[in-house]
Structure formats: structure tokens, C-alpha cells
Amino acid sequence: MIPESFIQDVLARTDIVGLIERYVPLKKGGANYMACCPFHNEKSPSFSVSPTKQFYHCFGCGAHGTAVGFLMEYCGISFRDAIKDLAQQCGLQVPEEDAPQQDRAQLSSLLEATTRAARYFREQLRHAPQAIEYLKQRGLTGEIAKTFGIGYAPDDWNGLRAAFGSDYDSPALLEAGLVIQNDAGRRYDRFRDRVMFPILDQRGNIIGFGGRVLGQGEPKYLNSPETPLFEKGRELYGLFQARQAIRESGVVVVTEGYMDVVALAQYGFGAAVATLGTATTATHIQKLFRQSEKVVFCFDGDKAGRKAARRALENSLDQLADDREVRFLFLPTEHDPDSFIRAEGLEAFHRAVHDAMPLSEFLLRELRGDLNLEIPEERAKLVHEAKALIPKISAPILQLQTIRLLADDAGMSSEEVSHALGIKPPPRNKAAARPRAGRSAPIGPQRQLLRLLSQTPELLDRLPGDLPELLGDSAECALIQLFRDAHDHDHFGPTTIAALFQSSQNDAQRALLRELLNAPEEDTPPAREDATHNSSKAAQSELDGHIANLRIAMIDHEFNSLRQRLAEGETLETAEMRRYAELPTLKQQLRSGQKTS
């Protein structure tokens, strides 16, 4: 865990105005700097950056934070990576035991090698008419080629020697996957006669390459091998370039190849990324949900595309939440995204993305397969096959809705299907209903939520995006953000709360942390697989209950405020009167949702 003192030192040395100005054009407005918010669409600037407070705040969408928070939100990176970036800019070295100086020096040398190689490939493209003609045939302009840093690797066994000279024999080129060394110790370039697509991480570093062969050679597409910089199961092509478009559109489309990403951007759809020669992984999906709450997987309609979609489906299930959406878009068999948008146009592609198949529909379609549901044995097989998928759905309401749809197909009740799938209704928050001996029960949903998250930190990934608004300017909200920061870089462990108590200078936070530290430990029976599953579901149900209670409290506050204004003889506007009439219904819906969750 990065020491609190070091984080404070980094923030003290960082000029937030200079940092944000690298990404967003700022204009002086009084004591602060203003811009149109990078986190939502607006025409009039409401995004304010205070140089004295070293803080940003959007009066439109409510986004706010320090330099660390801006990097995390804008670049989609973790807390640890944001601190590393800021520390590097300040000339500081992050104190950490898991990255020795030797490892950091190695990564630095590899990044230098990939950067030099990318520069060489871009220069070679200017002198490669066959590569330029290929890009023109694919409908790409010089501007889009520049945006994605596209280059060309000449048809030369040692072309990179021109860029590296005597450094061609450096270990960095081999470790970065730029060259191959045979048994005799002779080196040659990995990429030859290929259009080159640099692969960037979320900070814009070049970590690898993809090469598309010119002509009929094999393999048609060649990616860098796994290196200390590049792991295919963690990276997504085009994510760095797509971040702004994803924020503006509210959706991210996942394709199968980097040419799809570049072509879609060329024709006006910039919110696309691609996997890199591997199936969609859980890490990919986590990264995608950091960027948008709506993910659309766009695959070819052939057998291979269906297989890729099935893998994406399976790895999405335990990343879902009821405010997240996954859809699947299958293009006609004669098209991929590249050819579709060129043939049909941007608006047609937008419509296709909008009308993509919901995850629940695709899941049930996969389960039905070629089954004849008129036959009892086939219906039984349908429910049996569902055991591998539906229990993994981590969004409680979506899971319930999917069970109901499955029950209709199977000719059974929802309760019968749930029982067959091994899904039991979660207990009704028995721990909270029964005060523990020796201390009073937590007061209010904020305190209950804090205690639940301290005991079950995996739920931090399931918190809604509007949680700060629900919690307000409270000590609980600040502590939950500290919990999330620790959890984001895998350092939420048994000592986290004690470490936070030791470093906190806030009396209210220290009092809450002291309460958590003094809470008696519960005796727990030996874990079984079904018990662990039920415990996880119960924790999720308890979380949903606390969030619903917070929403109800916010509704009560708004309703009472409007009622007070009416009581004082004030005339409400039409929209306010409509809202006043809607609030009791919204409250009742929330209460009903709690009872069925």
C-alpha cells in the first residue's frame, strides 16, 4: 500500500491546472479555470479547476476530485497507476516492495525500444507505396493513420538495425518481442512486410504491435508475443484513443480486430476497441466497465464469431450489475464491422449497435440451441444446461428476470427453476436485525453500508456510480472512497482498516474506523461451496438493501423540502409539482424492489 504521506507529497507537488490542461483546454475565469466538462456533453463551460484548492468540480454532472481522481476518471486507470504517473512527473519514486529497481529499469528499457520501433515503422510507411495503397483501399486517410500511429515494417530480415544500430543486439529488443533469435544466436525482425499497428496501454505507452501482412502471407495478422509489457488477456486495442468517444456516446463496442477499430473511427464511430488475438477475458470486461456501463460485443455471424460471443458471455456474467448492460451484435455473414460501416454507413451502424441483442436473450438462445421444447426431456436438458450460466449472474434483478424467462421455456415456476439451479432466496439481513451483544446496532444505512463493505470488500466493485450523491459530504463517503482506492490496487486486506486509522487526520473518520476495529469477530462455520455462494448472494442482497434505503432517504428529503415550500405558500413550477407527485410512487417502487431482491 502506498503510504498516505507519499500520496500527500505527490499531490502537494502537482499543479492540477497544468495536469488537466494536457487533456482539456482551460480558460481563466476569475480565480479559477473553466472548460466544458470532459465527463459529459455540454455547450456552456461548467467544469471548474481551482489552483488554490488543487481541486476540480463540474457544476453540471457533479464530477470532482484531485489530480489523482482526474487521471483515474479521464484515463480509466487504477489508483496506483495514477499515483505512479504523477510521481514520475514530480521526479519521485513510488515506495513499494513489489517492484524492485531492476524491474523498473527493465520496463523502462522495453518502453524505449517499442517507442523507437514505432517511430521507425511510421517513417518507413512514407516510403512504402504498396502499404499506402493498401490503406487507401481500406478507406483510411493519412489523418486516421496518424491518430493510430500506423506504420510499415519493410520486407527486410534486419530492418530494425537501421533504427537501433549497435543496440540491435540489446536484450531489450528480444524481451520486447521485436526480434527473434534462433538457436545459433542470430537475430532477425519479427515483423516483415506488414502494416504495423502500435498497441497502447491506458496511459498511452506503446507496449506491443499488431502487423497485417501485405499480400497472401501467413499469418494474416501477427501480434507481439507475451512480454513484461504486453499481456493479451489484459489489453484492448484502441482503448486509449477511444476514451473520449466512449464517454460521449455512453457505449463501448468490442470488435475482433484492429482494422475494425481503425475503420470505424475513420467513418465516425470512435467508441470501438478490439481484443488482441485472444478471447474476451474477465480483466477485459472490468476495464470496459470502467469506461462505460454499456458494452456491446460485435462479432461476425459465422461459427467462429458465435464461439467468441459465447466466451464473452461466460466471462461477463460475474461482472454484471443491475446498472450495467451487455449486448451482442451479430453482423450479416458477408460483413465485419469494417465492411459494414463502409457499405451501409455510420447511421446504419449506430442503429445496429442500438438494436443489439441483450445478454439475457443471447444467453437463453444459446441454452435453447436445437432443443425441441415440446419434449419434457429436452426441457429438462435446458434447465440442466442453465446450471453452468445463470447462477453466475451477479446482477440480482437481472438474474431473477432471466430465471422467469427460463421458467416460461421450461414449463415450470420460477421457484422450481431456482431450486433446480441451486439458487436459494437470500436471508433477510438477519445479522442487522439481531443486535450483537455488547454494542448497539449501526445507526442508519450509511453506517451499515460502511460496515458491510469493510467485511466484504469484493462488494466495492458493485457500488453504484451515484454513491457520492447518496452519501453526501459524510465521513462514511470519504472512508468508502478510501476502501475503493485500496481495493482497486489489490491492497484491501486485514490490516487496511488499521493502516487507515493510523494515517487518518480526520476525527470523524477515526471514530468510524475505531468502531470497525472494535467490532467483535463472528464465529463462522467451515466454508462449503454452496455456503460460500449463498453467503455471497446474501451480502449482495444486503448491499442492495442499504443502497435502496439511501435512495429512499434522498426521496424523503426531496419530498419534505417540496412539501415545506408548499406549506409556506410558495408556488411550485410545473416540473416541480410533477416531481412532487411522482416521489411517493418512486419510494414505493424502491420498497417493493427491496422485498423482492
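A residue is called buried when its relative accessible area is under 20%, exposed when over 50%, and partly exposed in between (1.4 Å probe, protein chains only). By this definition Val 417 is buried, with a relative accessible area of 0%. The structure is a predicted model, in which local features need pLDDT of at least 70 and side-chain atom pairs count only at pLDDT 80 or more, whereas totals for chains, interfaces and linings use all residues. Residues are numbered from 1 along each chain as its sequence is written, and side-chain values use heavy atoms, with hydrogens and water left out.

The overall picture comes before the details. The chain holds 27 helices and 16 strands; helices (H or I, at least four residues) and strands (E, at least two) are DSSP runs, numbered from the N terminus. Of the 597 residues in the chain, 44% are buried. Among contacts (heavy atoms within 4.5 Å) with a separation of 6 or more, 64% join residues 24 or more positions apart.

Confidence is expressed as pLDDT, the predictor's own score for each residue, from 0 to 100. The chain averages a pLDDT of 85, and 88% of the residues score at least 70. Over residues 430–442, pLDDT stays under 50, and the model has nine contacts beyond four places in sequence for this stretch. Residues 520–527 also have a pLDDT below 50, with three contacts in the model beyond near neighbours in sequence.

An α-helix has 3.6 residues a turn, so residues three or four places apart point the same way. The C-alpha atoms of Val 417 and His 384 are separated by 9.8 Å, the two residues being 33 apart along the chain. Gly 422 follows α19 and has a positive phi, near 75 degrees.

Helix α14 (residues 337–344) has buried residues at Pro 337, Asp 338, Ser 339, Phe 340 and Ile 341. These pack against β12 (252–255), α11 (258–266), β14 (294–299) and α15 (346–354). Here too a glycine comes after the helix: Gly 345 follows α14 with a positive phi, near 100 degrees.

Most residues other than glycine have a negative phi, and most peptide bonds are trans. Asp 193, although not a glycine, has a positive phi of about 50 degrees. This residue sits in the loop between β8 (187–189) and β9 (194–200), and Asp 193 counts as buried at 18% relative accessibility. The peptide bond from Glu 218 to Pro 219 is cis, with omega near -5 degrees; Pro 219 belongs to the loop between β10 (206–213) and β11 (221–223).
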